[in-house]
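Have a look at this one with me when you get a minute.

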Amino acid sequence: MASTAEKGAPSPAREIKTTDLNPVLSAGEDEEQIVPALQSLLRAGWTLDTAGTGVSKTFFFKTYFKGISFTNLVAAESATKKHHPTMTVKFGSVHVHWTTHRPAGLSMKDLELAAHCDRGAELVGAVAQGEGQKCS
Ligand SMILES: C[C@H](O)[C@H](O)[C@H]1CNC2=NC(N)=NC(=O)C2=N1
């Protein structure tokens with residue numbers, strides 16, 4: 001019998017199990033706090049690195065300037081929190097990666113700032129992948 005997936009029906013919402021995740025925590029971080037925050041980010045389109053030490057997401061924008069405005073919002077919060085992402089600006093998108101350098105690993109600061117990126121992207125008007133600016 002064909003599975004639901006084979007029939008093209010949307011796959012049922014699947015809870016991301018703790019056992020599916022392999023976060024490598026920055027020393028002193030609380031796993032019980034990290035895991036639910038990480039799960040919520042994964043539901044919002046963030047991915048955990050293969051190394052488990054960082055999270056990343058690509059945001060799409062209809063203009064280059066909107067992408068730059070987004071990086072400025074992120075930069076302002078980074079300056080306040082003294083925690084800085086790697087951001088790769090492209091025509092139509094900004095890729096953001098958060099990790100903690102010292103002590104190395106994933107921290108609540110990474111996850112809080114990742115959530116801040118989602119709020120900033122909403123404010124600037126991020127769009128779905130494919131709706132971002134393209135070269136003509
Ligand atoms: C002293 C200063 O706050 C630290 O070096 C900060 C600066 N920004 C940082 N940013 C990131 N992403 N990880 C860090 O560990 C880090 N450390």
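1. Let's start with Lys82, which counts as exposed because it has 7 C-beta neighbours inside 10 Å. The cut-offs go like this: a residue is buried if 20 or more other C-beta atoms lie within 10 Å of its own, exposed if 12 or fewer, and partly exposed in between, with C-beta atoms placed from the backbone. You'll find Lys82 in the loop between α2 and β3 (86–90). Its phi is positive, about 55 degrees, although Lys82 is not a glycine. As background, most residues other than glycine have a negative phi, and most peptide bonds are trans.

2. Before going further, a word on what we're looking at. This is a predicted model, in which local features need pLDDT of at least 70, side-chain atom pairs count only at pLDDT 80 or more, and totals for chains, interfaces and linings use all residues. Residues are numbered from 1 along each chain as its sequence is written.

3. Now the overall layout. The protein chain has three helices and four strands, and from the N terminus on they run α-β-β-α-β-β-α. Helices (H or I, at least four residues) and strands (E, at least two) are DSSP runs, numbered from the N terminus. Of the 136 residues in the protein chain, 28% count as buried. Take the contacts between residues at least 6 apart in sequence: 67% of them join residues at least 24 apart. Here, two residues are in contact if their C-beta atoms, placed from the backbone, lie within 7 Å.

4. Lys82 turns up again by the ligand. Which residues are around the ligand? They are Lys82, His83, His84, Thr99, Thr100, His101 and Arg102. To be near a molecule or strand, a residue needs its C-beta atom, placed from the backbone, within 6 Å of it. This shell splits into no nonpolar, five polar and two charged residues. In that count, Ala, Val, Leu, Ile, Met, Phe, Trp, Tyr, Cys and Pro are nonpolar, Asp, Glu, Lys and Arg are charged, and the others, Gly among them, are polar.

5. A cis peptide bond joins Arg102 and Pro103, with omega about -5 degrees. Pro103 sits in the loop between β4 and α3.

6. On to helix α1 (residues 31–43), which has 13 residues and reaches 18 Å from its first C-alpha to its last, close to the 18 Å expected at 1.5 Å a residue. The expected span is 1.5 Å times one less than the number of residues in the helix. Just after α1, Gly45 takes a positive phi of about 100 degrees.

7. What about the core? The largest nonpolar core has 22 residues, and Phe59, Phe70 and Ala114 have the most contacts inside it. A nonpolar core is a set of buried Ala, Val, Leu, Ile, Met, Phe, Trp, Tyr and Cys residues joined through C-beta atoms within 7 Å. At least two residues of this core come from each of α1, β2, α2 (64–81), β4 (93–99) and α3. The biggest giver is α3, with six residues.

8. Finally, α3 itself. Its buried residues are Asp110, Leu111, Leu113, Ala114, Cys117, Gly120, Ala121 and Val124, and they pack against α1, β2, α2 and β4. Leaving aside neighbours within four places in sequence, Ala114 is in contact with Leu41, Trp46, Val55 and Trp98. Val124 counts as buried because it has 20 C-beta neighbours inside 10 Å. Just after α3, Gly125 takes a positive phi of about 95 degrees.
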